[in-house]
Amino acid sequence: MLLIHCPYCQEDRPELEFQHAGEAHIVRPSDIASIDDAAFEQMFFLRENPKGLAYERWRHIHGCGRFFNAVRDTVSDRFLTTYKAGEPRPDAAALAGKTPPGKKGAAK
Ligand SMILES: [Zn+2]
């Protein structure tokens, strides 16, 4: 079973406790009525959906209930890191060789 590290609970928990919540770091305009249709389409509908490293929002729905962000490899389904909502986007390329959070012997 896949274990996901919740950055709020500070524990690795089974994937069944979590819910995927889309792409992370989507910037929503403060005045949505002022943007044109193309900008609205880009913000609301279009997502990166990369093959490889992706920034995603997740929710610990059957735990603390909080949203957090993760860097996940969409090919291997391996979580490279998880971090609290509002924290800056980590450098995914630098994390590529790192041991996932909560595992012993994490690379520095
Ligand atoms: Zn949690």
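An open sheet is formed by four strands in the order 3-4-5-6, with antiparallel pairing. Strand 3 (19-23) and strand 6 stand at the edges with a single partner strand each, so one side of each is left without a neighbour in the sheet. On average, neighbouring strands of this sheet are turned by 35° against each other, direction ignored. Axes here are lines fitted to C-alpha atoms, for helices over the stretch in contact, and angles run from 0 to 180 degrees between N-to-C directions.

The model is predicted: local features need pLDDT of at least 70, side-chain atom pairs count only at pLDDT 80 or more, and totals for chains, interfaces and linings use all residues. Residues are numbered from 1 along each chain as its sequence is written. Helices (H or I, at least four residues) and strands (E, at least two) are DSSP runs numbered from the N terminus, and two strands pair if DSSP finds at least two bridges between them.

## Strand pairings

Strand 4 (residues 53-59) runs antiparallel to strand 5, and seven bridges join them. Here L53 has D73 in strand 5 as its bridge partner.

Strand 5 (residues 67-73) is joined to strand 6 (residues 78-84) by six bridges, again antiparallel. R72 has F79 in strand 6 as its bridge partner. These two strands form a hairpin with four residues between them.

## Two loop residues with positive phi

D77, in the loop between strand 5 and strand 6, has a phi near 65°, a positive value in a residue other than glycine. N49, in the loop between helix 1 (37-44) and strand 4, likewise has a positive phi, near 50°.

D77 is exposed, with 9 other C-beta atoms within 10 Å; N49 is exposed, with 8. A residue is buried if 20 or more other C-beta atoms lie within 10 Å of its own, exposed if 12 or fewer, and partly exposed in between, with C-beta atoms placed from the backbone.
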